[in-house]
Amino acid sequence: SFWSYLHRRQSHRLIELLVTAFVMILALLSKEMAITLPATFVAYELLLNAARRQPGSSMDLGLVRWLKVSIAPTLVFWLVLAVYFVVRRWALGTFVGGYDDSLFFISNWQAFLPGWLHGLQMLVIPLNRDFLSMHSMITRSWEVSIALIGGIVLIKAATSRTTFQLALFYTMWFMLCLAPVYKRFNIADDLQGSRLAFMATVPLCMFLSLAFVRNREAKLAVPNRLLQSFQAVLAVAVLALATYLLMLNNQAWREAGHESNAIRAALHNVYSTIKGDPQVLFLGLPDNRHGAYICRNALDGMLQKPQFVKDIKHSIMLDRYEPTFPFGFLKKSIVNSRNELLAFRWERSALRFIPLNLFRI
């Protein structure tokens, strides 16, 4: 949608405006985080487009004129957003989404602020600590590389107006990407929760890339050839580190995928010996593997077509993450109906289900 908006601002064609609005609607239907798009458009106009297209600088335009020129091209998209909120209120009953219906209420500020700081740290240094210590040489190398890149960007921004405007826009875009998830933003040491920042990685990467973009406006004390050589070495080092860390982080998903496939195969084996669709309890199914989800809220999908040969409706996963059927609530009914229930426990070491004797409860 943003890419389409940039084309629209260059061509000023009506069809481009309609395409951008249509793609924005698709974005809103795909992920609610797209509500930040109109604000991102305004940030682009304020910092990169509006003033540049006017005769004179933004200061020559005056503040009021500058704001009008920046906001006017985005009005259509604010209207689309308003319609979206009306539809959301009609369909879901609330204007605000997430885990509650409040917009600014924070129940525990002492946990909120440290969680945010830790999340930002894990966003910039995205290492699964189940595999790599924060004090390892690889981690320290990544930290030094990111610090060098950030330093180069700041120096360039201080000596080049264009780089400064780009850096400021990417920073605003980064903040806007995190705004919709501000109440839930907390990335764990094993990278659980990192999905909340997936959009923010786009402006973050673009901000870091400014360290490697040639800008003739920037007047640096370092000789140009020496700077280019340093940038080349730094770029190769960062790409090599990023490749290694990505492979390392993906080990969690590789292991989770293998166990998930084993669970699906074991479910087929279990139901090949069961007639019909009796009530079956599954215990010990893993929630995640080094932060990569396996069975959280997934059993229903594993036992439905096309993942399964038939639709199974009477299965319950009992564990600490199941909010609907806590074991304490079911304990009495399980005892009373033990002759009608089947129960299996997942044995991770053997990658199979072990039948349980409910008469021993």
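The model is predicted, so local features need pLDDT of at least 70 and side-chain atom pairs count only at pLDDT 80 or more, while totals for chains, interfaces and linings use all residues. Residues are numbered from 1 along each chain as its sequence is written, and side-chain values use heavy atoms, with hydrogens and water left out.

**The overall picture**

- Of the 361 residues, 38% are buried. Here buried means under 20% relative accessible area, exposed means over 50%, and partly exposed is in between, using a 1.4 Å probe and protein chains only.
- Among contacts (heavy atoms within 4.5 Å) with a separation of 6 or more, 67% are between residues 24 or more positions apart.

**Helix α3 and Thr 40**

- Helix α3 is mostly covered, with 12 of its 13 residues buried. Among them are Leu 37, Phe 41, Tyr 44, Glu 45 and Asn 49.
- Thr 40 sits in this helix, which spans residues 37-49. Thr 40 counts as buried because its relative accessible area is 2%.
- The side chain of Thr 40 reaches back to the backbone oxygen of Thr 36, at 2.9 Å. That is a polar contact, meaning a pair of N or O atoms within 3.5 Å; within protein, one must be able to donate a hydrogen and the other to accept it, and residues adjacent in sequence count only if both atoms are side-chain atoms.
- Leaving out residues up to four places away in sequence, Thr 40 touches Phe 2, Phe 169, Trp 173 and Leu 176.

- Glu 259 belongs to helix α11, residues 224-272. Glu 259 is classed as buried because its relative accessible area is 5%.
- Beyond its neighbours within four places in sequence, Glu 259 is in contact with Pro 286, Arg 289, Ile 294, Trp 346, Arg 348 and Leu 351.
- Thr 243 also lies in α11. With a relative accessible area of 45%, Thr 243 is partly exposed.
- A polar atom of the Thr 243 side chain lies 2.8 Å from the backbone oxygen of Leu 239.
- As background, an α-helix has 3.6 residues a turn, so residues three or four places apart point the same way.

**How helices cross**

- Helix α1 (residues 2-11) and helix α2 (residues 14-30) have axes that come within 9 Å and cross at roughly 165°. Axes are lines fitted to C-alpha atoms, for helices over the stretch in contact, and angles run from 0 to 180 degrees between N-to-C directions.
- The two helices α1 and α2 are therefore roughly antiparallel to each other. Angles under 35 degrees count as roughly parallel, over 145 as roughly antiparallel, 65 to 115 as roughly perpendicular and the rest as oblique.
- α1 passes α2 in a left-handed crossing. Left-handed means that the near helix is turned anticlockwise from the far one by less than a right angle, and right-handed means clockwise.
- In this pair, Ser 4, Tyr 5, His 7, Arg 8 and Ser 11 of α1 meet Glu 16, Leu 17, Val 19 and Thr 20 of α2. By class, the contact of α1 with α2 has 3 nonpolar, 4 polar and 2 charged residues. Ala, Val, Leu, Ile, Met, Phe, Trp, Tyr, Cys and Pro count as nonpolar, Asp, Glu, Lys and Arg as charged, and the others, Gly among them, as polar.
- The axes of helix α8 (residues 137-159) and α11 come within 10 Å and cross at roughly 140°. That makes α8 oblique to α11.
- The crossing of α8 and α11 is left-handed. By class, their contact has 12 nonpolar, 3 polar and 1 charged residues.

- Most residues other than glycine have a negative phi, and most peptide bonds are trans.
- Leu 191, although not a glycine, has a positive phi of about 75°. Leu 191 is found in the loop between α9 (161-178) and α10 (201-209) and is buried, at 18% relative accessible area.
- Asn 297 is not a glycine either, and has a positive phi of about 60°. Asn 297 is in the loop between β3 (292-293) and α12 and is exposed, at 63%.
- Lys 305 and Pro 306 are joined by a cis peptide bond, with omega about 0°. Pro 306 is located in the loop between α12 (299-302) and β4 (315-318).

Note on methods. Helix = DSSP H or I, 4+ residues; strand = E, 2+ residues; numbered from the N terminus.
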